[in-house]
Amino acid sequence: LADVFQSSNNLSRFCIVHVLNKCASCLQEVRSAREFLRRTTIVLSSFDGVARGLTLRLLGACATLCAEWPEVQHQVRQGLASSDRLEVLSAIFALEKLCRVSARLSQVKLRGPIIF
């Protein structure tokens, strides 16, 4: 699934994110969560804002797996600082999902306003 997300188009990525949002309770059965997220977060280096936004939404969908991982938190913060509106909205979505799972992250203060 991670390889499909990484190498396919945005419609396929959208479908994967949609399915992961619907079956979030099943994510605990993912055996190699780090490898799954390593393969999918490669898309964050894309020049395509929609692809980056979908990847941030995927991180939100996988919050139960990765909420405490510093690299995931960093990637979401970078999304908040983006000039792409869709990416910022996706980062807000991911941050909300991560904060629901991580007590430590929900106490972190963000610097600066988010401007659309």
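Helix 6 and helix 7, the latter spanning residues 85-101, pack at an angle of about 145°, and their axes lie 7 Å apart. Here the axes are lines fitted to C-alpha atoms, for helices over the stretch in contact, and angles run from 0 to 180 degrees between N-to-C directions. The crossing of these two helices is left-handed, a term used if the near helix is turned anticlockwise from the far one by less than a right angle, with right-handed used if clockwise. On the side of helix 6, the contact is made by Val72, Val76, Gly79 and Leu80; helix 7 contributes Glu87, Val88, Ala91, Ile92, Ala94, Leu95 and Leu98. Contact means heavy atoms within 4.5 Å. By class, nine of the residues in this contact are nonpolar, one is polar and one is charged. In this scheme Ala, Val, Leu, Ile, Met, Phe, Trp, Tyr, Cys and Pro count as nonpolar, Asp, Glu, Lys and Arg as charged, and the others, Gly among them, as polar.

The model is predicted: local features need pLDDT of at least 70, side-chain atom pairs count only at pLDDT 80 or more, and totals for chains, interfaces and linings use all residues. Residues are numbered from 1 along each chain as its sequence is written, and side-chain values use heavy atoms, with hydrogens and water left out.

The protein chain as a whole has eight helices and zero strands. Helices (H or I, at least four residues) and strands (E, at least two) are DSSP runs, numbered from the N terminus. With 116 residues, a compact globule would have a radius of gyration near 13 Å, and the chain agrees with this at 13 Å. That radius is taken over C-alpha atoms, and the globule rule is 2.2 Å times the number of residues to the power 0.38. Of the 116 residues, 42% count as buried, where buried means under 20% relative accessible area, exposed over 50%, and partly exposed in between (1.4 Å probe, protein chains only).

Burial can be followed along individual helices. In helix 6, residues 70-80, the buried residues are Val72, Gln73, Gln75, Val76, Gly79 and Leu80. They cover an arc of only 160° around the axis, which puts them on the same side of helix 6; the arc is that of the directions from the helix axis to the C-beta atoms. An α-helix has 3.6 residues a turn, so residues three or four places apart point the same way. Gln73 is buried, with a relative accessible area of 8%. Beyond its neighbours within four places in sequence, Gln73 is in contact with Ala67, Glu68, Ser102, Arg104 and Leu105.

In helix 3, residues 33-40, Ala33, Phe36, Leu37 and Thr40 are buried. Their arc around the axis is only 90°, which puts them on the same side of helix 3. These buried residues pack against helix 1 (2-7), helix 2 (10-22), helix 4 and helix 5.

Two further residues complete the tour. Cys62 sits in the loop between helix 4 (49-61) and helix 5 (63-66), and it counts as buried at 0% relative accessibility. Leaving aside neighbours within four places in sequence, Cys62 is in contact with Leu20, Leu27, Phe36 and Leu37. Val50 belongs to helix 4 and is partly exposed, at 37% relative accessibility. Not counting residues up to four places away in sequence, Val50 touches Asn10 and Leu86.
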